[in-house]
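User: Could you take a close look at one helix pair in this model for me, and then walk through the charged pairs?

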Amino acid sequence: MKLYIKANDIHTLKNLDELLQAHASRFEPLISPAMHPKYKHYYYAIKEIQNNQHYFYDERELKKVIKGVYFGNSYCEHLLPSPLDIAKAYSYFNDTHHNFVFVFPPIGEHKMKEAKEILEELKRLEVKEVVVNDFGMLQLVKEDFKVILGVNFTKTIKNAFLDAKEPLEVSSKQLANQKKLTTHLEFEIDFVREFYKSMGVSRVSIENKPYDMSFLNKKPLFYADIYYPNSTISHSRACDIAGIYNDKQTYFPAKTCQKHCTKTSLEFEHSKVLSLYQEYNTIYKPHLRLELPESVYKNKRNRLVWEVF
Amino acid sequence: MNFSKCIIGISQQNDIDELLRLGFRQFYFGYIDKRYIESYATQISPNRRYRLKEQYSSIEKITQDITKIQQHGGTLYLALNAFFTNGIILEEIKRNFTLFADKVDGMIVANMPTLLYLHSLGYDKIVLSNLFGFYSKAAVAFFLQFSPVKIILPRDITIEELESIVSHYKEVQFEAFLFGDNCRFSEAFCFSEHGYDSLEFGSLCGYAINSKKSIEKADVHFKHTLKNPKLTQEQKAAQLKTISTNENYQTFDKEDNPYKIFHKLNKTAILKTIEIFQKHPNIVSYKIPSRGREFVKFLLHDESEPYNYKESQYDL
């Protein structure tokens, strides 16, 4: 498989050279319970990637291994980059060795004008691939770009609490059966893949969890973007970061947002037990262990999309 | 209040006679087979509900209620709106469809496999759930290829977005939420588990608002701190630690914080919402969500109250 970087904003790309080095000897002595969880997740993730470089059949330093970037905040429509930032991001990877993919979050009607302006910029830059995370954007891009279905298309239940505690109202057999249900995705159904194939789609995003991915070996063939390390539990217009700073606006920022999330994150009372956090409008869990099936990483058309920071 | 354009969720626990007497004529329900419950319990059902009391599991009871509804000239939809599905759940959905296809007026669908399956059969009474995420005109445009009889708009949509969509697609019938009934997250993009009451955390949205702690966002430039030769280890650790910013928003974290009383009922807000919906004849159903049926009696009170934006589904 190929290694790609996911960068939610231009600042990540500007710091990419530094971020692609673990700096283990400097970092490890500083690890403590008081450390911001994001730094720890970042460090454990880069170590995990380095320990699994056999996935990419390339043991060189990571900077030389990456094949391209997925640029764009996949979570919140208020964080769409400007066309100028997109052009800047593109310039970092504007060569034949790297691929530039743009990522859209789910887009509502208020943000459609901005989304369309971005599409014009992407056409100008001759960007080929676009990730969409809602059916509206799928409708808009399917004629002009190679579409990649984002993680919002591989829906399943992702437990916020259940992994930390066993429920009493369900027997262990029922719980085991429920777990089986949540590890199977709709793309295992042939006619679902056929439907998306009919509009030129053959790549789908799957988070790094133990899903049954045997469907990737069946026709009609699909390829996987494995998103690492974060799993989205919920992303919502009702944003608790937007909400904590302003009780005058309605429960979600509609047309505009003051983007306090660029300076503020949330953790929760039981974050250390539940491994639950919020960035932007998204509550997520990191899944840091990389244990992909051989059939997935041996396919060079599959990608590991690493949200590096 | 005239409930004839309201659509309400019903379950085994409902008194259908009372709802019909009040004037309700549009209904929807979910069905879960006892055999399925034995294997999978109720939290991941073929419809969007998680508890037994919110669904039917008795064929006899639902058949009786279907008969009563039809006798009163009402319409009834079966919710096949599991928000996700796979090969296993789809088989259960197919069974429920076969069981009720000739008994109901349509099927509410929330996932692509079910939609494609029904469409392949030539079934022409498909209602598309808000779980597909109809936040834009483009989203509606995508699904018109399936000729739905009705599209359900999301709870967390602004009136402006709603009117933009329904005005653009005058030939399409829509259903819109009258109130959200405590579901404050974007349902199309919320993947958290529900229905495990013994876990004591409650729902994710409720837990999040009660348990959140604001912290400074991690700094993407943190490697400069790591490599700064002028800083001691203690100074570096201090810059990398979790820093609370709770004091920045203390003022708003109070009991009447709007985010804690999201989607409660304000009768004036609901009546104003209905006034707006009535301007658009293609909004044919005003949705009272399943759990919201308990609040119906509240709407019958004569007392009026001032409009309260904090208790309103929409910012009116």
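Analyst: Helix α6 (residues 83-92) of chain A packs against helix α7 (residues 112-124) of chain A at an angle of about 30°, and their axes are 10 Å apart. Angles under 35 degrees count as roughly parallel, so α6(A) is roughly parallel to α7(A). Keep in mind that this is a predicted model. As for handedness, α6(A) passes α7(A) in a right-handed crossing. On the α6(A) side, the contact is made by P83(A), I86(A) and A87(A), while α7(A) brings in I118(A), E121(A), L122(A) and R124(A). Sort the residues of that contact by type and you get five nonpolar, no polar and two charged.

Now for the charged pairs. Side chains of opposite charge can pair when their charged atoms come close. Searching the whole structure turns up 40 salt bridges over all chains.

Staying in chain A, one of them joins K63(A) and D17(A), with the closest N and O atoms 3.6 Å apart. This pair ties together distant parts of the chain: K63(A) sits in helix α5 (residues 62-65) of chain A and D17(A) in helix α2 (residues 16-19) of chain A, 46 residues apart. With a relative accessible area of 46%, K63(A) is partly exposed, and D17(A) is partly exposed too, at 45%.

Over in chain B, there's a local pair: E18(B) forms a salt bridge with R21(B), and here the closest N and O atoms are 2.9 Å apart. Both residues belong to helix α1 (residues 16-22) of chain B, three residues apart, which is about one turn of the helix. Exposed means over 50% relative accessible area, with buried under 20% and partly exposed in between, so E18(B) at 29% counts as partly exposed, whereas R21(B) at 60% counts as exposed.

Another chain B pair is E175(B) with K287(B), whose closest N and O atoms lie 3.4 Å apart. Again the link is between distant parts of the chain, this time from strand β7 (residues 174-177) of chain B, which holds E175(B), to strand β9 (residues 283-288) of chain B, which holds K287(B), 112 residues apart. Both E175(B) and K287(B) are buried.

Chain B also has a network to check out: D33(B), R35(B), E92(B) and R95(B) are joined into one by salt bridges that share partners.

Methods
Residues are numbered from 1 along each chain as its sequence is written. Chains are lettered from A and ligands numbered from 1 in the order in which they are written. This is a predicted model: local features need pLDDT of at least 70, side-chain atom pairs count only at pLDDT 80 or more; totals for chains, interfaces and linings use all residues. Side-chain values use heavy atoms; hydrogens and water are left out. Axes are lines fitted to C-alpha atoms, for helices over the stretch in contact, and angles run from 0 to 180 degrees between N-to-C directions. Helices (H or I, at least four residues) and strands (E, at least two) are DSSP runs, numbered from the N terminus. Angles under 35 degrees count as roughly parallel, over 145 as roughly antiparallel, 65 to 115 as roughly perpendicular and the rest as oblique. A crossing is left-handed if the near helix is turned anticlockwise from the far one by less than a right angle, and right-handed if clockwise. Contact means heavy atoms within 4.5 Å. Ala, Val, Leu, Ile, Met, Phe, Trp, Tyr, Cys and Pro count as nonpolar, Asp, Glu, Lys and Arg as charged, and the others, Gly among them, as polar. A salt bridge is a side-chain nitrogen of Lys or Arg within 4 Å of a carboxyl oxygen of Asp or Glu. Buried means under 20% relative accessible area, exposed over 50%, partly exposed in between (1.4 Å probe, protein chains only).
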